[in-house]
Structure formats: structure tokens, C-alpha cells
Amino acid sequence: MSLKSAENNETRLRERVVETVQRALGDDYRPQLRELELNSLKMLELIVALEEEFGIHISEDAPLAQITSSIDRIVEFLLTLKLPENVP
């Protein structure tokens, strides 16, 4: 895979993450803030939305607060997973 292709895949992944976060958090999503600052209920809602969107399972033993702390952290986490074929 070329560097350009990898960058395009990461860009598409980031766009899907932002859309998923917006959908899950609604008015609680503030894109101008670097950190998401979620309470435990919103964090779980976001985890479920990410699992559904990307066809993955995020273990309850995973560091959920860290994974969901920002868009960047979510993208970094997803890049470490083997995502299903239909996910960039």
C-alpha cells in the first residue's frame, strides 16, 4: 500500500469517526474542543456506536476512557484493529 493510499484510508476513517461521534453525542459534541470530555453514560453510548459503525467489539477491559478521550485517540485505536473488509 502506498503512503498516499494509507493517508486516504486514514482520512476516510477519521471522517467516519467524526460522523459517528456526532451521531452518538448529538449536541454534546463540541468539535472546537480537542478532548471529548464524556461522562460514563455518553462514553458507553459512543462505544456502542463505534462497535456498530465499524463492526467491532471493544472489550470492557479496554481503557475505555482513554480510547474515547478524543477523535485522535479513537482513530489511533481503530488503526490498531483488524477492521472488517468493508471498513477503510
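Trainee: Why is Glu53 called partly exposed?

Mentor: Keep in mind that this is a predicted model. Glu53 has a relative accessible area of 26%. Buried needs under 20% and exposed needs over 50%, so 26% falls in between and Glu53 is partly exposed.

Trainee: And what makes Arg16 count as buried?

Mentor: Its relative accessibility is 19%. The cut-off for buried is under 20%, so Arg16 counts as buried.

Trainee: How do you know that Arg16 and Glu53 meet in a salt bridge?

Mentor: Check the N to O distance between their side chains: 2.7 Å. A salt bridge asks for a Lys or Arg nitrogen within 4 Å of a carboxyl oxygen of Asp or Glu, so the Arg16–Glu53 pair qualifies. Arg16 sits in helix α1 (residues 3–25) and Glu53 in helix α2 (residues 40–54), 37 residues apart, so the pair counts as linking distant parts of the chain.

Trainee: What makes Glu53 and Arg23 a salt bridge?

Mentor: Here the closest N and O atoms are 3.0 Å apart. With the limit set at within 4 Å, this pair is therefore a salt bridge too. Glu53 in helix α2 and Arg23 in helix α1 are 30 residues apart.

Trainee: Is Arg23 buried or exposed, and how do you know?

Mentor: Exposed: Arg23 has 54% relative accessibility, and the cut-off is over 50%.

Trainee: Why is the contact between Arg34 and Asp72 called a salt bridge?

Mentor: The closest N and O atoms are 3.8 Å apart. The definition says within 4 Å, so Arg34 and Asp72 pass.

Trainee: How do the accessibilities of Arg34 and Asp72 class them?

Mentor: Arg34, at 67%, is over the 50% mark, so it counts as exposed. Asp72, at 29%, is partly exposed, because that value lies between 20% and 50%.

Trainee: Which residues are linked with Asp72 in a network of salt bridges?

Mentor: Arg14 and Arg34. Across the whole structure, the search finds six salt bridges.

Trainee: What makes a residue such as Val17 part of the largest nonpolar core?

Mentor: Membership takes a buried residue of a listed nonpolar type, joined through side-chain atoms within 4.5 Å. This core has 24 residues, and Val17, Val21, Phe54, Ile58, Ile74 and Leu78 have the most contacts inside it. Elements giving two or more residues are α1, α2, α3 (64–67) and α4; the largest share, six residues, comes from α2.

Methods
Residues are numbered from 1 along each chain as its sequence is written. This is a predicted model: local features need pLDDT of at least 70, side-chain atom pairs count only at pLDDT 80 or more; totals for chains, interfaces and linings use all residues. Side-chain values use heavy atoms; hydrogens and water are left out. Helices (H or I, at least four residues) and strands (E, at least two) are DSSP runs, numbered from the N terminus. Buried means under 20% relative accessible area, exposed over 50%, partly exposed in between (1.4 Å probe, protein chains only).
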